[in-house]
Amino acid sequence: MTKNAVEYEHLMDTSFSDANNTVRTSVMPRWERKKQKMLQEQKKQQQQQQSQTQDASNTSKDGSSGSGSSGPQGDRFIPSRAGMNMEISKHLMLSCSINSSGDQMQENMLPEEQRAIADSQKDAYSSSLSSALLGVDDLQDNRVMAYTEKAPVPVGDTVNNLNVLYSATSAAGKKKSNTKLVTRTIPTAPSRVLDAPDLMDDYYLNLLSWSDTNILAVALAQTVYLWNAGTGQIEELCTFDEGPNAHISSVQWVQEGGAHLAVGVSSGMTQLWDVQQGKQLRGMDGHTDRVGALSWNRHILSSGSRDTTIINHDVRVARHNVASLQGHTQEVCGLTWSPDGETLASGGNDNLLCLWNASASGVQSTPRYRFTDHQAAVKALAWSPHERNLLATGAGTADRTIKFWNTSTGALLNSIDTGSQVCALKWSPFEKEILSSHGYARNQLCLWKYPSMAKIKEFERHTSRVLHLAVSPDGGTVLSAAADETLCFWDIFAPPSAAAKGGKGAAAVGAKDPFRQGAAPKTTRITQIR
């Protein structure tokens with residue numbers, strides 16, 4: 001009985017259960033459709049979560065590997081269009097996109113043997129095609145984006161000029177010479193060298209003068225020597241030995257005749273000597289300190305002193321002091337009259353350049369022009385023989401410039417930095433050229449073309465600063481005197497005709513000059529020949 005009841009219940013469960021597929025209809029019940037939809041959505045969400053997790057893991061791996069690399073990161077590579085071939089870049093980009101889809105279909109359609117032949121010929125065909133159309137044999141070496149352009153050169157001078165004035169090396173500040181500016185041959189070595197012992201190394205003195213009679217006056221310590229460039233004869237003119245520190249501070253020949261020499265001494269006196277008779281004609285006072293600069297204007301002798309004053313002496317009359325010019329505050333070291341005798345230029349240790357009228361008389365404290373452009377003592381002064389009212393000036397170590405002035409209008413025409421102390425200036429009487437002598441660091445002479453101020457040539461022989469320059473009466477020979485106690489003669493200004501014919505003056509007396517004939521050494525002490 002019990003067994004029959006159990007079997008009956010089992011029969012009822014299997015006959016009327018939802019799992020019985022034999023009695024299922026073709027329409028899915030609503031609850032079953034809803035359950036199936038929920039299962040699909042859950043499965044889809046699980047797949048999305050798995051893909052996000054995988055992407056995050058890949059990103060973290062890439063970041064960890066990139067952080068350990070030494071190369072640049074981010075988008076700091078900026079392509080340069082100047083280094084890119086835009087036509088080749090466009091061709092490469094288009095060919096890559098086309099080949100990615102079309103080449104694979106073509107290769108699958110070809111047999112393996114023809115596919116190998118096509119691959120070998122494809123490179124040759126591509127090379128010849130790019131060479132004909134683009135002008136490039138190999139496209140593999142060309143990049144779509146180029147980063148090979150260098151950074152632009154910085155504009156402007158990045159060197160601090162206040163670090164050093166100039167270098168002590170011989171190559172520092174050295175400019176190339178341009179010999180094409182002149183047609184003549186200019187020797188680079190001096191024609192002769194004289195020894196001048198006891199030549200004072202003082203920037204503010206003027207110890208050299210060459211007369212129009214071809215006689216050179218040189219002041220060595222307390223003595224003035226005269227050297228005849230025609231005969232080679234040397235004689236002693238005078239000695240000033242009033243005290244242990246007494247010395248000759250300046251010499252200057254009279255403009256015409258060459259028979260009278262003005263001598264300035266350390267006591268403040270200005271002496272006038274007759275060279276032919278060998279005696280002093282007169283002594284003119286007025287200064288309280290040494291007379292370092294002298295200049296003649298016919299019968300007027302101007303003297304500049306360390307007492308900051310300039311005195312115009314009329315050597316014809318007993319009361320010689322006709323004007324006292326008081327425009328400087330420190331020692332007057334440069335003094336020269338213009339060729340027309342209308343203007344006196346003075347330079348001082350106060351960095352001032354003053355221009356005075358010839359008509360000045362009495363005590364004058366206001367010059368016609370006062371220029372403050374120089375930054376150091378103004379010693380080098382030279383009037384142009386080619387242009388009226390053109391004055392060239394040069395200053396010391398802190399300035400290093402040569403400036404050109406129009407003394408009629410007071411305008412600064414030009415200024416050029418020479419790179420070293422300017423000690424003296426001399427114009428060429430034949431060409432528009434100017435010669436400058438310099439101090440540290442190279443102690444050279446420089447020949448410039450005016451007005452371009454292109455450097456024609458440099459001359460190096462002295463081992464110390466070249467303090468003085470003088471020009472021979474024929475204008476062909478230049479004499480330089482330096483603190484190394486030597487005098488050098490240079491054939492710089494000689495024109496081609498004078499150089500061929502022999503000229504006059506110091507350059508033309510070689511037959512009578514023992515230094516040229518070899519009877520004496522090239523370097524000879526002045527004081528040994530009396």
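Which residue stands opposite Leu301 in E11? I looked this up and found Trp296.

I note that the model is predicted, that local features need pLDDT of at least 70 and side-chain atom pairs pLDDT 80 or more, and that totals for chains, interfaces and linings use all residues. Residues are numbered from 1 along each chain as its sequence is written, and side-chain values use heavy atoms, with hydrogens and water left out.

**Strand E11**

E10 (residues 291-297) runs antiparallel to E11 and is joined to it by six bridges; strands pair if DSSP finds at least two bridges between them. Two residues separate E10 and E11 in a hairpin, and Arg298 in the turn has a positive phi of about 60°.

On E12 (residues 310-314), I found five bridges to E11, also antiparallel. His313 is the bridge partner of Leu301 there. This hairpin has four residues between its strands, with Thr308 in the turn at a positive phi of about 75°.

I then looked at burial (under 20% relative accessible area, 1.4 Å probe, protein chains only). Six of the six residues of E11 (300-305) are buried. Ile300, Ser302 and Gly304 point one way, and Leu301, Ser303 and Ser305 the other.

Key
Buried means under 20% relative accessible area, exposed over 50%, partly exposed in between (1.4 Å probe, protein chains only).
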